[in-house]
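Take a moment with the sequence and the fold below. Then read on for a short walk through them.

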Amino acid sequence: MTTGRSMRAGEAVLGGGLIALGGLIAVETMLTPSVGRAVVGPALFPYLISGGLVLVGLSLLREAFAGAVAHAEGLELDLWAVALVAAGLAVQFLLLDTLGWIPSTTILFAAVSRAFGGRRLVVNLAIGLALAAFTFVAFNYGLGLNLPEGSLVERLTSTDAE
């Protein structure tokens with residue numbers, strides 16, 4: 001469906017912003033000194049994210065200039081879903097040091113699942129727990145990067161008897 005207008009300003013601004021952000025990430029990654037000359041190194045993921053942002057930005061610009069919209073009324077925004085995802089991110093940020101990666105990410109997954117329409121809380125928590133545990137093991141033991149265990153977990157598992 002087209003609107004009859006030649007450009008949708010909101011989508012054009014968002015697309016341009018994503019392209020600029022992708023470019024900024026690429027430039028900053030190039031300017032960051034790297035160790036070694038490995039093909040796959042610490043700069044790979046920032047470059048992938050940069051490329052993804054530029055591609056999404058270009059797609060948004062194309063749609064903005066074509067005048068295509070997803071809904072006849074314009075942009076449809078579910079504020080409740082946006083607030084739920086934002087709350088999940090805030091809870092994860094606030095609880096990450098205390099509870100650790102696995103519980104805080106499980107809560108985030110359940111919040112995002114609910115925002116996308118998931119109604120089964122126990123199933124969403126179980127899936128979130130499995131994914132969070134998998135990423136924790138993969139990063140901590142597979143890649144040698146340390147995701148936070150949480151101060152509460154460290155206190156409960158400490159071998160110091162007082």
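Which residues of helix 3 are buried? They are Ala81, Leu84, Gly88 and Gln92. Buried means under 20% relative accessible area, exposed means over 50%, and partly exposed lies in between (1.4 Å probe, protein chains only). Helices (H or I, at least four residues) and strands (E, at least two) are DSSP runs, numbered from the N terminus.

A word on the source. This is a predicted model, where local features need pLDDT of at least 70 and side-chain atom pairs count only at pLDDT 80 or more, while totals for chains, interfaces and linings use all residues. Residues are numbered from 1 along each chain as its sequence is written, and side-chain values use heavy atoms, with hydrogens and water left out.

Now the whole chain. The protein chain has six helices and zero strands. Along the sequence, the pattern reads α-α-α-α-α-α. Of its 162 residues, 23% are buried. Contact means heavy atoms within 4.5 Å. Among contacts in the protein chain with a separation of 6 or more, 68% join residues 24 or more positions apart. The chain exposes about 11500 Å², and carbon and sulfur atoms supply 71% of that area. Accessible areas come from the Shrake-Rupley method with a 1.4 Å probe; for residues, only the protein chains shown count as cover.

Back to helix 3, which covers residues 79-99. Its 21 residues should span 30 Å at 1.5 Å a residue, and the end C-alpha atoms are 28 Å apart, which agrees. The expected span is 1.5 Å times one less than the number of residues. Helix 3 also has a kink of about 30°, centred on Phe93. The bend at a residue is the angle between axes fitted to the seven residues ending there and the seven starting there. Just after helix 3, Gly100 takes a positive phi of about 100°.

What covers the buried residues of helix 3? Helix 4 (101-115) is included in that cover. Look at Gln92, which sits in helix 3. Why does Gln92 count as buried? Because its relative accessibility is 12%. Gln92 touches Trp101, Ser104, Thr105 and Leu108, leaving aside residues up to four places away in sequence.

Helix 2 spans residues 44-66. At 1.5 Å a residue, its 23 residues should span 33 Å; the end C-alpha atoms are 33 Å apart, which agrees. Its buried residues are Ser50, Leu53, Gly57, Leu61 and Ala64. Their cover includes helix 1.

Next, the charges. Side chains of opposite charge can pair when their charged atoms come close. The structure holds one salt bridge, meaning a side-chain nitrogen of Lys or Arg within 4 Å of a carboxyl oxygen of Asp or Glu. Arg62 and Glu63 form the bridge, with their closest N and O atoms 2.8 Å apart. Arg62 is exposed, because its relative accessible area is 54%. Glu63 is partly exposed, because its value is 28%.

Last, the surface. Val27, Met30, Leu31 and Tyr47 form a nonpolar patch there, with about 420 Å² of accessible area together. Patches are made of residues with over 30% relative accessible area and no salt bridge: like charges are joined within 9 Å, nonpolar side chains (Val, Leu, Ile, Met, Phe, Trp, Tyr) within 5 Å. Helix 1 (residues 9-31) gives the most to this patch, with three residues. Met30 is found in helix 1. Met30 counts as exposed, because its relative accessibility is 55%.
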